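Subject: A structure for you to look at

Hi,

Here is the structure I promised to pass on. Have it open while you read, and I'll go through what turned up in it.

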Amino acid sequence: MRCEIAVDIESGPDHVWAVLTDLTRWPRWTGAVRDASVVGGAALALHGVVRLRTPRLPQRTFRVTEYQARRYRFTLHGEGFGGQARVRFALTAPDAGGRTRLLVTHDRAGWFGSPMSRLRARTVDAQLQTLADDLKEHCETRRRSSVTVTTGEGSAVG
């Protein structure tokens, strides 16, 4: 099973990447994650271990199986609930206008025949959509609040 979510964000990829890869701060700007930590307290990195606690689901542990900062992408891989899950976050700059596209791909494999497992998959997909939407809102709000234009009379507009 696969779910893909694409969101366009009115902010540059460097800024979006900085926010997205600071997992420990996710609970501050999204309701999709209650707690996030990188085991050992280090920054997100290849082969690192991440723990996420989300609403309506138990805590999950993921391993970082891909991390390419120059290409703006990372992948989390987890096992449990009778299967495996892979969540890939990738950023692209579709135009030169300071916009960034976030693509989240959630792949699931294994035994998912039960109604409970299908319900969990829908819950995870909905939480990933919320995460993407909240990232957009957070990055665009931060961008707007950091842009200040000075008028001829010396007053600031922002």
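Let me begin with a term you'll need: a salt bridge is a side-chain nitrogen of Lys or Arg within 4 Å of a carboxyl oxygen of Asp or Glu. Also keep in mind that this is a predicted model.

Salt bridges

A search through the whole structure turns up nine salt bridges. One of them joins the side chains of R88 and E66, with 2.9 Å from N to O. R88 sits in strand β6 (residues 83-92) and E66 in strand β4 (residues 60-68), so this pair ties together parts that are 22 residues apart in sequence. Are the two partners buried or exposed? R88 counts as partly exposed because its relative accessibility is 22%. E66 has 15%, so E66 counts as buried. The cut-off that separates them is 20%: buried means under that value.

Next, find D125 and R108, whose side chains meet in a salt bridge at 3.1 Å, N to O. This pair also links distant parts of the chain, as D125 is in helix α3 and R108 in strand β7, 17 residues apart. With relative accessibility of 16%, D125 counts as buried, and R108 is buried too, at 9%.

E140 and K136 form a salt bridge between their side chains, at 2.8 Å from N to O. Both residues belong to helix α3, and they are four residues apart, which is about one turn of the helix. E140 is buried, with a relative accessible area of 11%, whereas K136 counts as partly exposed at 27%.

There is also a network of salt bridges, which links R2, E4, R86 and D107.

A histidine to click on

D125 has another partner: its side chain makes a polar contact with the side chain of H106, at 2.8 Å. H106 is part of strand β7, which runs over residues 100-110. What does H106 touch, if you skip residues up to four places away in sequence? The list is M1, R2, C3, A85, R86, V87, V124, D125 and L128. Two residues of the salt-bridge network, R2 and R86, are among those H106 touches.

The overall layout

Zoom out for a moment. The chain has three helices and nine strands. The chain is 158 residues long, and 40% of them count as buried. Its accessible surface comes to about 8800 Å², with 51% of that belonging to carbon and sulfur atoms. If you take the contacts between residues at least 6 apart in sequence, 47% of them join residues at least 24 apart.

The nonpolar core

The largest nonpolar core has 34 residues. Which of them have the most contacts inside the core? They are W26, L52, F74, F89, L102 and L135. Helix α3 gives the most to this core, with six residues.

Not counting residues up to four places away in sequence, L135 touches I9, V16, V19, L20, W29 and L102. Three of those names come back in helix α1 (residues 13-20), where P13, V16, W17, V19 and L20 are buried. Why do these five share a side of the helix? They cover an arc of only 165 degrees around the axis, which puts them on the same side of α1.

One more stop on α3

Last, look at T130, which lies in helix α3 (residues 115-146). T130 counts as partly exposed because its relative accessibility is 31%. Leaving aside neighbours within four places in sequence, T130 is in contact with T30 and A32. T130 and A32 are 98 residues apart along the chain, yet their C-alpha atoms are separated by 6.0 Å.

To see the salt bridges for yourself, you could start with R88 and E66, then go on to D125 and R108.

Cheers

Notes:
Residues are numbered from 1 along each chain as its sequence is written. This is a predicted model: local features need pLDDT of at least 70, side-chain atom pairs count only at pLDDT 80 or more; totals for chains, interfaces and linings use all residues. Side-chain values use heavy atoms; hydrogens and water are left out. Buried means under 20% relative accessible area, exposed over 50%, partly exposed in between (1.4 Å probe, protein chains only). Helices (H or I, at least four residues) and strands (E, at least two) are DSSP runs, numbered from the N terminus. The arc is that of the directions from the helix axis to the C-beta atoms. Contact means heavy atoms within 4.5 Å. A polar contact is a pair of N or O atoms within 3.5 Å; within protein, one must be able to donate a hydrogen and the other to accept it, and residues adjacent in sequence count only if both atoms are side-chain atoms. Accessible areas come from the Shrake-Rupley method with a 1.4 Å probe; for residues, only the protein chains shown count as cover. A nonpolar core is a set of buried Ala, Val, Leu, Ile, Met, Phe, Trp, Tyr and Cys residues joined through side-chain atoms within 4.5 Å.
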